[in-house]
Amino acid sequence: MQAGLAERPRAWVPMSYVKLERRPPPWWRSQAETVDQMQAKHWDVTSRCSTCHLVMRVNLAVISKVSGGETSLWNRRQRCRRLHCTGFVTFSARPPELMQPFALMSAWPEDREPGWWRKPHGARR
Ligand SMILES: [Zn+2]
């Protein structure tokens, strides 16, 4: 074995660091629950129909305008928009720091209170 190996500098990430790709769904959910938060973090969100396999980019700005910025897409199923299709779509997201998208399916993040994302009264974020 090479002599210098043991003297190599330690990794500069803490021991508890988990690669982003390995983080569990509740962690991602705790980063962005609502369409406004996903938009602010530049998540690329798509919908996919389990029946006709139509994949569409989700326009977060439109959902925010129509349904409200606190709308959540986690664990949501929506009717497919394709004409004559009776299927349902589910949602996936890809944050800019990830190469691969993940399904927006997750249990509630344990460390979060219900409604944690709401702006404090009168505050702007
Ligand atoms: Zn469809």
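What follows is a set of questions and answers on this predicted model.

Tutor: Residues are numbered from 1 along each chain as its sequence is written. Because the model is predicted, local features need pLDDT of at least 70 and side-chain atom pairs count only at pLDDT 80 or more, while totals for chains, interfaces and linings use all residues.

Student: In what order do the elements of the protein chain run from the N terminus on?
Tutor: Helices (H or I, at least four residues) and strands (E, at least two) are DSSP runs, numbered from the N terminus. The secondary structure of the protein chain comes to three helices and five strands. Read from the N terminus, the order is α-α-β-β-α-β-β-β.

Student: Which residue in E4 is the bridge partner of Cys49?
Tutor: Two strands count as paired if DSSP finds at least two bridges between them. E1 pairs in the antiparallel sense with strand E4 (residues 88-94) over six bridges, and also in the antiparallel sense with strand E2 (residues 55-57) over three bridges. On the E2 side, Arg48 has Val55 as its bridge partner, whereas on the E4 side the partner of Cys49 is Val89.

Student: How many residues make up the largest nonpolar core?
Tutor: A nonpolar core is a set of buried Ala, Val, Leu, Ile, Met, Phe, Trp, Tyr and Cys residues joined through C-beta atoms within 7 Å. The members of the largest one include Val35, Met38, Trp43, Val45, Phe91 and Ala93.

Student: Which residues does Arg82 contact, leaving aside its neighbours within four places in sequence?
Tutor: Arg82 lies in the loop between strand E3 (78-79) and E4, and it counts as partly exposed because it has 15 C-beta neighbours inside 10 Å. Its C-alpha atom is separated by 9.0 Å from that of Cys49, although the two are 33 residues apart along the chain. With contact taken as C-beta atoms, placed from the backbone, within 7 Å, the residues that Arg82 contacts are Cys49, Cys52 and Leu54.

Student: What is the phi of His42, and is this residue buried or exposed?
Tutor: Most residues other than glycine have a negative phi, and most peptide bonds are trans. His42, in the loop between H2 and E1, counts as exposed because it has 11 C-beta neighbours inside 10 Å. Its phi is positive, near 60 degrees.

Student: How far apart in space are Gly115 and Glu33, C-alpha to C-alpha?
Tutor: Gly115 is placed in the segment after strand E5 (102-103), and it is exposed because 8 other C-beta atoms lie within 10 Å. Gly115 and Glu33 are 82 residues apart in sequence, and their C-alpha atoms are apart in space by 9.4 Å.

Definitions and conventions. A residue is buried if 20 or more other C-beta atoms lie within 10 Å of its own, exposed if 12 or fewer, and partly exposed in between; C-beta atoms are placed from the backbone. Two residues are in contact if their C-beta atoms, placed from the backbone, lie within 7 Å.
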